[in-house]
Amino acid sequence: MAPELVLHAVAPSHPCMAVTAALRLKGLEHERVELAPPHAEAMREIYGESNHTVPGMLVDGEPVHGSGPIMERLDQLVHEPLLYTSEEVRAAERWGDGLLQDLGRRLPWGALHFRPEAMGTFGGAGPLDGPGTDFAISYIHACWRYHRVSAARLQEDLAALPALLDHVEQLAGDGVIGGDRPNAADLQIGATLRVLLNVGDLRPLLRGGAGERIARSVFPEYPGEIPSGAYPAGWVPHH
Ligand SMILES: N[C@@H](CCC(=O)N[C@@H](CS)C(=O)NCC(=O)O)C(=O)O
C-alpha cells in the first residue's frame, strides 16, 4: 500500500521546491501543508527542537526532516527513478545543501533591501504600491536580522558566487549533474539556481551555463523578479 505522505512546506522555499520535484518525478501522491513564515515554532512542534526549517515530511506519521533526508527516504519508498544514483551524486547533493543553498536565501533578501517593491512579484503579483512597500521594508529588515544578512556579508557572498558557479559547471562537465534524468543533486542545486535566476543582477553570471539549463528545465516556473541594478555598483563580480 502507498504510504501516506504529508509535506510541510513554504511556497517560495527552494529546498521545498527540490522535494516537490522529487515527489513529482516519483509520481507520489502527497498532502501539502502550506505554512506561513515564521514557521519555526510549527515545525519544532512536529519535527523536534532542532528541526525548525522547511521542508519536513511525515511518512505514515514518521517525521523526516530536511530536503536531503526526505529525498533519500523517497528513494527507499519508490526505487524508480532513483535520485541518489551514485556516491558522486550524493556528495554533490550534500554540497548543494551547504553555502550554495544559503545564498539562495541571503542573495535575494539582500537584493530586496534595495528594491523592496519587488517583493510583491514573488507572490506572483506585480511590484508593490507605496503602503505595500512600507510593509515590505519592515518585513525585509526582519529577514535580514533573521538570516543574518548584512551589507558586509552580502558583499562577501557576491564575491564567493563565481567559484560556486564554476563548481556547478565542473559537476556538469563530469556528468554528475545535467544528465537526461534529474537526480538528487540536480534538484538540490537546480532549485537554488532557479531562485538566483530571479535576481536580475545575477542572471549574467548564470547565462548559457549548464546550471541555468538544469534550473530552468527542472523548475520551469518560479515567480519573482528583482530588476538589475539592485546591488550597489561594483558588488556583482564579473564572470
Ligand atoms: N538545509 C535544510 C535547510 C532548510 C531551510 O533553511 N529552509 C528555510 C526556507 S528556504 C527555512 O525554513 N527557514 C526558516 C528558519 O530558518 O527558521 C534543507 O535543505 O532542508
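Which residues is Trp95 in contact with, leaving aside its neighbours within four places in sequence? In this predicted model, the partners of Trp95 are Leu100, Leu164, His167, Val168, Leu171 and Ile189. Contact here means heavy atoms within 4.5 Å. Trp95 sits in helix H4 (residues 87-114). Helices (H or I, at least four residues) and strands (E, at least two) are DSSP runs, numbered from the N terminus. With a relative accessible area of 25%, Trp95 is partly exposed. Buried means under 20% relative accessible area, exposed over 50%, and partly exposed in between (1.4 Å probe, protein chains only). Trp95 and Ala163 lie 13 Å apart in space, C-alpha to C-alpha, and 68 residues apart in sequence.

Residues are numbered from 1 along each chain as its sequence is written, and side-chain values use heavy atoms, with hydrogens and water left out. Because the model is predicted, local features need pLDDT of at least 70, side-chain atom pairs count only at pLDDT 80 or more, and totals for chains, interfaces and linings use all residues.

The sheet is open and has four strands, in the order E2-E1-E3-E4, with mixed pairing. Strand E2 (31-34) and strand E4 (62-65) stand at the edges; each has a single partner strand, so one side of each is left without a neighbour in the sheet. From one strand to the next, the twist averages 20 degrees. Axes are lines fitted to C-alpha atoms, for helices over the stretch in contact, and angles run from 0 to 180 degrees between N-to-C directions. Two strands count as paired if DSSP finds at least two bridges between them. Strand E1 (residues 5-9) runs parallel to E2, and four bridges join them. His8 has Val33 as its bridge partner in E2. Helix H1 (residues 14-26) packs on the sheet and touches E1, E2 and strand E3 (56-59). The direction of H1 makes about 155 degrees with that of E1.

E1 and E3 run antiparallel and are joined by four bridges. Here Leu5 has Val59 of E3 as its bridge partner. Four bridges also join E3 to E4, again antiparallel. Val59 has Glu62 as its bridge partner in E4. In a regular strand the side chains alternate between the two faces of the sheet. Both faces of E3 are covered. Gly56 and Leu58 are buried on one side, and Met57 and Val59 on the other. E3 and E4 form a hairpin with two residues between them. Asp60 in the turn has a positive phi of about 50 degrees, although Asp60 is not a glycine. At 56% relative accessibility, Asp60 counts as exposed.

A positive phi, near 55 degrees, also occurs at Arg148, a residue other than glycine. Arg148 is in the loop between H5 and helix H6 (151-173). At 62% relative accessibility, Arg148 is exposed. Two peptide bonds are cis: Pro37 to Pro38, with omega near 0 degrees, and Glu80 to Pro81, with omega near -10 degrees. Pro38 lies in the loop between E2 and H2. Pro81 lies in the loop between helix H3 (67-77) and H4.

The largest pocket holds about 1200 Å³ of space. A pocket is an open set of points on a 1 Å grid over the protein atoms alone, where a 1.4 Å probe fits, with protein on both sides within 12 Å along at least five of seven lines; lining residues have an atom within 4 Å of a point. Grid points are joined across faces, edges and corners, and a volume is the space filled by probe spheres set on the points. Of the 37 lining residues, Pro37, His39, Arg105, Trp109 and His147 are the closest to the centre. H4 supplies the largest share, eight residues. H1, H4 and helix H5 (130-146) each supply at least two. The lining has 22 nonpolar, 12 polar and three charged residues. Ala, Val, Leu, Ile, Met, Phe, Trp, Tyr, Cys and Pro count as nonpolar, Asp, Glu, Lys and Arg as charged, and the others, Gly among them, as polar. His39 is in the loop between E2 and helix H2 (40-47). His39 is buried, at 17% relative accessible area.

The second largest pocket has a volume of about 230 Å³. Its lining comprises 15 residues, with Ala11, Met17, Phe219, Glu221 and Tyr222 nearest its centre. H1 gives the most, five residues.
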